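Thanks for making the time. I have one structure to go through, and I will keep it short.

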Amino acid sequence: MAASEDTVAEGHGSLYSRVMARVADELDLSDRAATRAVILFVILGFLGLLAGGVTAGIVMVDNQQRVGWVNHTYEVERHIDRLRLQMERLEAARRGYLLDADPTFRMIFDDAEASLTHEVAQLSALTQDNPAQKATVERLTDQTNRLRVMLGASMIARSLGLDQKALEDFRTDGSVQMARGARTMGGAMLAEENRLLSARMTTQRRTVNIFYGVLTASGVLLLLVATASILLIARYVRALATSRDSLKALNDNLEQAVAVRTRDLRRANDEIQRFAYIVSHDLRSPLVNVHGFTAELERSSQTIVALLQRVEQEAPHLLDAEARRAVYADAPEAIGFIRTSTQKMDRLINAILRLSREGRRTITPERLDMARLVRGIADSMRHRMDEIGAQLTVETPMPEIVSDRLAVEQILSNLIENAVKYLKPGRPGRIQVRGWLEAGRAVIEVQDNGRGIDPKDHERVFELFRRAGFQDQPGEGIGLAHVRALAYRLGGGITCVSALDAGATFRLSLPVTYVAEPTA
Amino acid sequence: MNGHQPVNIIMVEDDEGHARLIERNIRRAGISNTVHHLSDGSSALRFLFEHPEGPVKNGPALVLLDLNLPDMSGTEILARIKSDPALRRTPVVVLTTTDDKVEIQRCYDLGCNVYITKPVNYENFADAIRQLGLFLAVIQIPESEGLG
């Protein structure tokens with residue numbers, strides 16, 4: 001029984017771990033591959049997006065710079081235009097002043113001159129970045145200054161009344177040409193700025209195009225990443241569902257396998273029980289004959305003994321020592337041995353029958369007050385204990401359990417009987433019974449101060465027809481085997497703690513509530 | 001026993017030794033009725049229902065029945081006897097090694113009149129048979145209806 005239960009546990013264990021390992025493997029493979037692919041793809045996608053973003057940012061900043069430059073060009077152009085305007089104004093004011101020395105012209109001239117100077121300074125500041133334009137501006141400044149001086153001189157001449165001198169100057173000083181030159185220079189600058197502008201515009205357009213390109217690429221990439229991610233996630237989810245299904249199937253299989261095994265084991269156990277029952281019955285039949293005909297033989301030998309006695313009286317010379325020995329000694333001895341052997345065999349067969357019957361008995365769990373149950377057993381043995389001066393104490397409280405009354409009673413009365421039976425002669429017997437709850441199980445201990453059991457025999461005492469120690473008590477070696485079979489039957493177990501001459505403690509562990517084995 | 005016709009004892013027992021011991025002890029109890037010994041189920045049924053000396057054709061009888069037979073279970077023979085209109089009043093004594101409660105109940109349910117477990121101990125066994133003999137000496141056994 002013990003062996004078969006161990007096998008069940010082991011069998012379940014290995015089967016379970018095998019199946020679980022397979023499931024884990026399957027899950028692991030698809031899981032790891034899918035996760036790796038998804039993570040790799042997402043990382044790649046986000047790296048691409050990041051690159052797109054950075055590029056867009058760079059292009060954006062660049063573009064802003066370029067727009068700045070374009071604006072700058074417009075600014076330069078504006079100033080050039082204003083410069084040319086002021087120059088026109090300056091020249092017109094002088095011409096007007098020369099014709100009619102109106103102070104208004106003088107004012108316009110002064111104003112235009114100031115504006116011109118301002119514009120030149122502005123232009124000079126604006127064109128610091130461009131060496132070519134800078135040179136032109138320098139020349140323009142120079143030209144403008146000279147023109148201003150020249151025009152200023154003719155203006156002074158006119159104001160002093162040196163009209164002829166002024167007119168002469170107007171005709172000869174080349175100021176008109178200079179002004180035209182300055183204007184041309186402005187035009188050249190304008191052209192240069194326009195060239196710059198168109199170049200800058202082109203660059204800006206290109207930049208904008210690059211920006212759009214990057215944006216489009218990023219968009220496409222985003223779309224790709226999203227699609228691929230969704231696809232992968234969908235596949236992953238599908239794989240997950242598949243592995244969950246297969247896990248469930250495997251789990252079902254496992255349960256089925258366990259159920260099949262349990263059923264097989266139960267069937268095997270039933271088979272053994274039936275086998276034991278049938279065998280012991282069929283063994284009984286010939287035993288009846290052996291017994292019966294031995295008795296018949298004894299009966300016949302009585303007739304022979306009677307005859308022998310008559311012969312001894314009437315014709316003693318017919319008898320020899322051999323005949324006498326055969327009839328008076330050998331035959332009764334043979335019959336005696338046959339008898340004791342068949343009696344012993346009968347007891348053993350009955351023991352097997354009892355065990356097999358116990359195994360087939362239906363367990364009827366009920367609430368048991370262990371303290372009362374133990375006292376009841378002790379009372380039934382009171383007479384015996386008083387005879388040998390043994391004492392039994394029940395340490396209360398004892399736990400209450402739900403189990404089969406008859407089985408528990410048989411277990412405990414066997415243990416207590418043994419304790420009484422194997423006390424140490426000359427030492428007053430002390431038997432203690434105690435119980436407690438431990439991890440959902442009830443533990444009952446029967447402790448004695450008797451002769452004890454050698455640790456090497458602790459397993460042996462529970463085996464059928466095996467006994468240990470000094471054989472001075474009657475018994476067939478059935479009690480503890482029976483106890484263990486019953487304990488297993490109730491879903492419990494029993495162990496022994498003992499040393500020779502130091503008493504023995506039998507520890508019975510039972511489920512607090514008996515749970516019926518599921519019927520296969 | 002029966003007024004005008006002696007009761008036949010029909011013993012269905014596959015173990016020759018048991019049969020011999022049973023017969024000896026019946027004789028020792030002072031019963032001298034004819035004992036027909038049959039050692040398997042089918043020949044027992046044939047004798048019970050067809051044989052000219054069988055109870056159907058030849059007067060009252062008492063059946064001693066062992067349950068463990070080589071070719072069929074004794075309960076089957078018991079059922080056949082108890083469901084047959086001609087034989088159902090014939091007393092059946094089940095004498096077997098089985099002391100399984102369920103089996104005993106089943107035999108009584110089928111209509112067995114006495115159930116005796118063969119004790120392994122011969123003294124008890126002989127006692128049981130001798131008591132059965134005393135019992136045979138006093139009981140009234142109805143005529144088999146087959147003759148009626």
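Predicted model: local features only at pLDDT ≥ 70, side-chain atom pairs only at ≥ 80, totals over all residues.

Chain A first. Its secondary structure comes to 10 helices and 7 strands. The chain has 520 residues, and 21% of them are buried. If you take the contacts in chain A with a separation of 6 or more, 75% are between residues 24 or more positions apart.

Next, a helix pair. Helix 7 of chain A covers residues 370–380, and helix 9 covers residues 405–421. Their axes come within 10 Å and cross at roughly 50 degrees. That angle falls between the 35 degrees below which a pair counts as roughly parallel and the 65 at which roughly perpendicular begins, so helix 7 and helix 9 of chain A are oblique to each other. The crossing of helix 7 and helix 9 of chain A is right-handed.

Which residues meet there, between helix 7 and helix 9 of chain A? From helix 7 we have Leu373(A), Val374(A), Ile377(A) and Ala378(A). Facing them from helix 9 are Val408(A), Glu409(A), Leu412(A), Ser413(A) and Ile416(A). By class, this contact has 7 nonpolar, 1 polar and 1 charged residues.

Some of those names come back in the largest nonpolar core, which has 43 residues. The members touching the most other members are Val374(A), Ile411(A), Leu412(A), Leu415(A) and Ile416(A). Elements of chain A that each supply at least two residues of this core include helix 7, helix 9, strand 4 (430–438) and helix 10 (479–489). Helix 9 of chain A gives the largest share of this core, 8 residues.

Take Ile411(A) as a case. Leaving aside residues up to four places away in sequence, Ile411(A) touches Val483(A), Leu486(A), Ala487(A) and Leu508(A). There is also a second, separate core of 38 residues, and among its members are Ile81(B), Val94(B), Tyr115(B) and Leu132(B).

Now the contact between chains. Chain A and chain B put in 11 residues each. On the chain A side, helix 5 gives the most, with 10 residues. That side divides into 4 nonpolar, 5 polar and 2 charged residues.

Last, one residue in helix 5 of chain A, which spans residues 175–314: Thr216(A). Is Thr216(A) buried or exposed? Thr216(A) counts as exposed, because it has 11 C-beta neighbours inside 10 Å and the limit for exposed is 12 or fewer. Thr216(A) and Gly52(A) are 164 residues apart in sequence, yet 9.3 Å apart in space, C-alpha to C-alpha.

Notes:
Residues numbered from 1 in each chain as written. Chains lettered and ligands numbered in written order. Helix = DSSP H or I, 4+ residues; strand = E, 2+ residues; numbered from the N terminus. Buried ≥ 20, exposed ≤ 12 C-beta atoms within 10 Å, placed from the backbone. Contact = placed C-beta atoms within 7 Å. Nonpolar A, V, L, I, M, F, W, Y, C, P; charged D, E, K, R; others polar. Axes fitted to C-alpha atoms, helices over the stretch in contact; angles between N-to-C directions. Parallel < 35°, antiparallel > 145°, perpendicular 65-115°, else oblique. Left-handed = near helix turned anticlockwise from the far one by under 90°. Core = buried A, V, L, I, M, F, W, Y, C linked by C-beta atoms within 7 Å.
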